[in-house]
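Please examine the structure shown below.

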There are 4 protein chains.
Amino acid sequence: MKETLKIAIIGCGGIAKAAHIPAYLKSPGAEIKYFCDFNLALAEELVKEHGCGTAVQNYKDILDDPDLDAVSVCTPNHVHASVSIEFLKAGKHVLCEKPAARTYEEALEMQKVAQETGKILLIGVVNRFNTAVNIIKNMIEDGELGELYHIYASFRAHRSIPGLGGAFTTRAISGGGVMIDWGIHYLDIVMYCSGDPKPKTVTAQAYSKLGRDMKEYAYMNMWAGPPKFEGTYDVDDFVTALIRTEGPTISMNGSWAQNIGEEEMYIDFLGDKAGIRLNYGGDFKLFGAKNGALMESTPKFNKQDQFQSEIDAFLNSIRTGEKLPSHIDTVIVSAKMIQAIYDSSEQGKEISFTS
Amino acid sequence: MKETLKIAIIGCGGIAKAAHIPAYLKSPGAEIKYFCDFNLALAEELVKEHGCGTAVQNYKDILDDPDLDAVSVCTPNHVHASVSIEFLKAGKHVLCEKPAARTYEEALEMQKVAQETGKILLIGVVNRFNTAVNIIKNMIEDGELGELYHIYASFRAHRSIPGLGGAFTTRAISGGGVMIDWGIHYLDIVMYCSGDPKPKTVTAQAYSKLGRDMKEYAYMNMWAGPPKFEGTYDVDDFVTALIRTEGPTISMNGSWAQNIGEEEMYIDFLGDKAGIRLNYGGDFKLFGAKNGALMESTPKFNKQDQFQSEIDAFLNSIRTGEKLPSHIDTVIVSAKMIQAIYDSSEQGKEISFTS
Amino acid sequence: MKETLKIAIIGCGGIAKAAHIPAYLKSPGAEIKYFCDFNLALAEELVKEHGCGTAVQNYKDILDDPDLDAVSVCTPNHVHASVSIEFLKAGKHVLCEKPAARTYEEALEMQKVAQETGKILLIGVVNRFNTAVNIIKNMIEDGELGELYHIYASFRAHRSIPGLGGAFTTRAISGGGVMIDWGIHYLDIVMYCSGDPKPKTVTAQAYSKLGRDMKEYAYMNMWAGPPKFEGTYDVDDFVTALIRTEGPTISMNGSWAQNIGEEEMYIDFLGDKAGIRLNYGGDFKLFGAKNGALMESTPKFNKQDQFQSEIDAFLNSIRTGEKLPSHIDTVIVSAKMIQAIYDSSEQGKEISFTS
Amino acid sequence: MKETLKIAIIGCGGIAKAAHIPAYLKSPGAEIKYFCDFNLALAEELVKEHGCGTAVQNYKDILDDPDLDAVSVCTPNHVHASVSIEFLKAGKHVLCEKPAARTYEEALEMQKVAQETGKILLIGVVNRFNTAVNIIKNMIEDGELGELYHIYASFRAHRSIPGLGGAFTTRAISGGGVMIDWGIHYLDIVMYCSGDPKPKTVTAQAYSKLGRDMKEYAYMNMWAGPPKFEGTYDVDDFVTALIRTEGPTISMNGSWAQNIGEEEMYIDFLGDKAGIRLNYGGDFKLFGAKNGALMESTPKFNKQDQFQSEIDAFLNSIRTGEKLPSHIDTVIVSAKMIQAIYDSSEQGKEISFTS
C-alpha cells in the first residue's frame, strides 16, 4: 500500500470546497492530484489557492491514471451514478456525495458495479461520522432507551428553498427536493441509530407548492444562490411520511418552505425507558426517569469535525478494507425508502415491502 | 315549544361539573330537572349546591318523564351509546360527551337511532364552538390560506396519563387512550376547519408503553385522580398517523406519555398562500407574505366560553331545528377515522376507504 | 451610451462619504472621476483613500469636461440650486441631495432648467428607494389598507440639534431646521406612499426655541459636529402642521429639540381596513382585522441598502431615460408644501392652494 | 343658608352611579332628595340601594320643589341644555355633565340663562379637580416650563368605540364622537393648564370610518354596552386638529377606533425651559435641564378623588358664591372650539376667530 493516497475531486462546487478538500488537505496520508470541473476556471482557482494538484475539465481524462487511488464525487446529483460507476470500473475507490443517486434504480446499479469491481463505494451520509449521532447510537444499543418504538424526524424550515430555479429545484438534475436533499440526512440518522432496520411499509405525500410561483416566492435569504426565474421548479418543498420497519416506526414532516414561521429541526427517539431529542447538527437531550423522578440530561462532549472523520475513515478503509457504515451496501436501504416515499406520494397509497 | 327546556345531567363527574352544569345554569331558557349518577351521593351534592333539580341513581327512572326535554350524557365512554340510545328512543334530545362511543360500530348504531327517532344527537366536540377555531375555519373558507394541502396535529405531552388504572386507561371502558381522548379533539378541529373532507386512506400505529409498568411510571401530576395499581392499563399512550382525504393530507403525533420533555400541543394548517399555527385551547399565528415581505400576524379576539356556546347552541337547536356542526351525522366521519387508526395499527398496514 | 459613466462628487462632507461615494464605487457601470470640495484637503483625502479620481477645489473647473456624465451635489443647501443648475446647463445629469433647495422659488428654478436642458435632475429623497417604504406603498396601492384617510408623521427627538451654530442651524445656508432637514424625509414618505396627492391646504407653526440660548443648551450628543457659539441659530427646532390633500389628511409634529424625553420617530398610515406604523428607517407593523379578530402583523424582508438602490437607479435612469419617483417634477410638490409650512407659520394662518 | 343642601340626580346611568351619587353620599353637607330617570326602575333601584331619596320619572315634577337646592344633570347629551335651563329657571344650581351641550349654540343659550338667573352652572370638566392636572397648572404659572409654546394632545385608542349603535354613536343624541366625548377632556386640560387662552384659529378634520360597517367592526371589548346593529353610527371616530391661541399652539390626534394597535393617551406640554408629559388619568414626567445635565423627574403625590373634589367644590360654591374653574363662563370657550373643529372639518378649511 502506498504511503500517500492520490485523490481526485470531481466537481468543485460548494460541498467540495467546504468539506472534502479541507479534510483531504489536513489528512497526512492523502494528496489531491486533480481538481476536476466542467467549469475549468473553478478547478484552476483551487489549484492556485491550495498550491497542489492539476486542473482538469473532463473527468474521463484521468480515469486511466494508474497513480490515482480514489475520488470524491461532488457533482450535481444527476451524474452521481455515471461518474461513480466509471471510476469504480477504472479501479478507483469512490466517496460519492449524498444522495447516492436520483433514483433507487440508479443506486442499485452503483451497488452492483461496486460489488463486481470490489472497489469501495461510500455515500456521503456524513452524520454517521457525527459525534452526537454516534453517542446516541451507542446509548440505544446499550439499551438506555429501553425498547425504541418510534422515531419522529422534523426538518421543517420556513422559507429556505435553495437556488430557486437552479440545479437543486430541477428534478431531472437533483432527483427531488427537500426529501432527497435534507430528508436523506434525517432518515439516515434514524436508520443508523436504530440499527438499520428493514423497512416494511412506507406511506408518504410530497408537495411542490411554495416555489411554483417563483416571482411571488418571498424569502429572507437563499442559500445556493439567487433565483433564476427562467429555471425549473418541480421538486417537493414539503413531505410527510409514516414508515413501519422491523424495528421502530418512523414519522416525519419536512419542508424547505412552508407557511409556518417556526424552525423545527430535530429527531425524537422514543423509548419506553428514556427518550432523546437530537437538535440536528447540534446537541441532544436525554429524558428519562430514575427512582420516581423525571430526569432531563444534557450531555457535553467534544464535537469532531464530521467531514474530517468521514474522509479519514474513507482513507483508512482503503488501507485496511474495513467496511464502513456509509457503504453503499448499507445506504442502499434508505435509497429504497426514499424511492418508496416518492412512489407512495405519486400513487396515493402505502408501499409494502413484505407482501 | 315550552319556554324553559327541562334537562337531565346523566353522569355527575368532572366534565358535567366543570362544563355542562354551569352552562345550563347560566342559560335563561333551560332548567336542570335531574342530576343522575350511579353514585347517588354525587348527584345529591349537586342538588344541594345548586338548589335545583332532583337526584336520581338510575337514569332509567326518568326516561318516561314527559316533562323532560333533553339530556347531557357525561358518563364514562362505554355507556355513551346505550344511554344515548335509550333517551333518543324515549323521545329526548341528547348531547353526548366525546367520543361518541368506543367503536365506530357503536357510533353507527347511535346515528341510526337518531335518524329513526328524529331526535337531535350532538357529540361534545366542543372545539366546533371555540372562537379561535371558528376564525380559522372562516379564514380557510375565505381562501386566505390559498390551497390547504397539509395539516399537522401535534398533541404530545411528556407524562400526562390520566387516572392510571382507572376508567381512562381501561380499554373496555374508554375504547382507547390518547387517540380517543385527546386525539379526537385535534382530529375534529382538523376536520371542521378543512370542511369535513371525506377520508381516503389511514395509516397509523398506536403504542401502549409507558403506563404498562404502573409502579415504575413517574409523573409530575395525574389529572383524573391518583393511580390504581390494581387497575388496568391497556390503552395507547402514543399514536402516529398519516391520513389522506379528498382535501388535505393529515399527519399527527400524539402522546399521553413519552420520554420527551417538551409539550407540543398545536395544529399547523399549511396552505400555499399562508399558514396557521393554532396553540390548542389558545391563540394562533398567521404566517403569510405580502408584496415580497414575510408577514407574521397575531390575532386578538374575545374568547367566548366554548362550553356555554355549545350548550346555548344545543338548546337553540332544539327550538329551531337548526342542524349543528357537532351533529352525529358529521361526527360519525371522525369516529370512522379513529376506528381505522386503531385497525391500521393492529393490522400493521394502511386502511383504504376508496378501494 | 458609454459603458462606464464618469461621475463627479461635488461636496465631500458626511453624506458624500457615507452614502454616495461607497454606492458609486460598488456600481460596476460608474467611475468617480472627480472629488470636488472648496476645502481641497477633503477631496485629496478621498482620492488617496479610494485610489481613483482627481481632487478639485472649484466645481466650475470641471463643468466643461466632455467626459463627465453626471454629478452628485452634496454641498450645503444654499448652493444646491446654483450648483445643480450650472451642471444641468453644462449638459450633466444631476443627483442633488435633499432638500432640493432652501425655498420653493429656488426649486422651481431648478425644475425649469432641468426641463429646458432635458437632463435628469433627481433629488436625494432616498426613502423612495427604501424596501419597507416600497412594500408599504404597494400595500396601499393594492388596497390592503382600504381607504387611506389620515397619516400622522412624528419625528420628535429630545435634544438632537446638529452642529449648533453651524450650517445646519443657519437659515441663510440651510433654508430651515427640523422641517427642512428631517421633516422633508417624513413628508416625502407620506407623499410617496399615498400616491403623491395634490395638497389643498397647509396650516403650520414652527418654533425656534431650545437652541436660541446656545450656551444653555444641554444635550447628550451633537451629530454634525460640536457647537460653534459664535455661529447662528435661527432655524426651527419644533414644527407642527396639518395638511389637507386630494387624498388623505396629514398631521405632523417634529422636533430637533424638545423638552420631552421620548423619541417618537414613526409614520402612521390610517386606513379604514388596516393601518401601518412605520418606524423610520426600520420595520413596520400592520394592524387589521380578519373574520372578527384583530390582527397585528410583523413583516420580515431583506433590506436593501437604499443609497445603493438610489445610485443604481440614477445610473440606470441615465442609460434608459426611465423617469424615477425622485425626479424634481415629483419632488417639487413637497418643496411647495414645505414653503407653505414656513409661510403659514409666519403668517399665523392656513395657506390654501385651491382658492 | 341651609346646613344640608338638597340634591336631585337627573339621569341615573353610568356616570351618575359611578361618580356623582357616591360623592354626594360622602359629602356631609348634602342629601340626595330625588333620583330621577325616564326609566323609573333605575331610579327606584337607587332609592332601594342607598336608602334615601324618592324615585321620580319626570324631572318636571320636581322643578317647583322649593326645598330642592341643586341638581346633577347626568342625562344623555341631547337634553343637557334643555334640562339644565329648566332647572336654572326654576332657581336651582346645576352641575351638568360634559359636554355642556351638543353644539356651541346650545351652550351659549345655557350660559345666557345662567347669567340671567344668577344661578350657578358648572360643567363636568372634572379634570379641573384632578391633582396631577393642578400641579401641572401651578408649575406652568410659576414659570417652571419657561415659555409654553406648544401642547400636543394624543387620545388615540385602537378599537374602543362605546356602545356601537347606541346613544354615544348617534350624533343627534351625543353631538359627536371621540372629539366631544374624549377630546373635550383633553382640550379642557390643555386650556386649563395654559390659562384658558383665547383661540385664534382652528383647523381640523374629523372622520367617521371604522364604525360605519357595524357588523365588520372587530373589537376586544365595548365599554357602554354591546353593539346595536339596528342603531346609528354617524359620529367621528378619528379627529386631527391644529389650533392657534393667544398662548401656545395646540395639536391633537384622537381616535375611538383606528387601525393602529398602540394606545397613546397623553398630553405633552412643551416649554422652552422644561416640558411635561401627562399620562391621562395618571402620573406625569417633567423633562428639563440643570447645569448642563438633562433631568427627567417623576413626581409623587396623593391623588384626590376628582369627582369628590368636584362635588365638594360645587356644594361649597353654592354656599360661598366662589366662582369655579368649571363654570360655564369658562367652559364656553372650549365649546366654541369644539364647534369650530367640527365646522372646519365640514368646510375643509381653517376657522378664524380674529378676522
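## Domains of chain A

In this predicted model, chain A is divided into domain 1 (5-127 + 307-326) and domain 2 (131-303 + 336-352). The centres of the two domains, taken over C-alpha atoms, are separated by 26 Å.

## Contact between the domains

In chain A, 14 residues of domain 1 are in contact with 17 residues of domain 2. The two domains bury about 1,300 Å² between them, with carbon and sulfur atoms giving 57% of it. On the side of domain 1, Lys98(A), Tyr104(A) and Asn127(A) lose the most area to domain 2, together 49% of what that side buries.

One salt bridge is found across this interface. Lys98(A) also meets Asp181(A) in a salt bridge, at 3.3 Å from N to O. The side of domain 1 that touches domain 2 has seven nonpolar, five polar and two charged residues.

## Interface of chains A and B

Chain A and chain B each give 53 residues to their contact. The area buried between these chains is about 4,100 Å², 58% of it from carbon and sulfur atoms. Tyr149(A), Asn259(A) and Leu294(A) supply 16% of the area that chain A buries against chain B, more than any other three residues.

Six salt bridges are counted between the chains. One salt bridge joins Arg156(A) to Asp268(B), with the closest N and O atoms 2.6 Å apart.

Definitions and conventions
Residues are numbered from 1 along each chain as its sequence is written. Chains are lettered from A and ligands numbered from 1 in the order in which they are written. This is a predicted model: local features need pLDDT of at least 70, side-chain atom pairs count only at pLDDT 80 or more; totals for chains, interfaces and linings use all residues. Side-chain values use heavy atoms; hydrogens and water are left out. Contact means heavy atoms within 4.5 Å. Buried area is the accessible area (1.4 Å probe) that two parts lose on being put together, summed over both. A salt bridge is a side-chain nitrogen of Lys or Arg within 4 Å of a carboxyl oxygen of Asp or Glu. Domain bounds come from an automatic or database domain assignment. Ala, Val, Leu, Ile, Met, Phe, Trp, Tyr, Cys and Pro count as nonpolar, Asp, Glu, Lys and Arg as charged, and the others, Gly among them, as polar.
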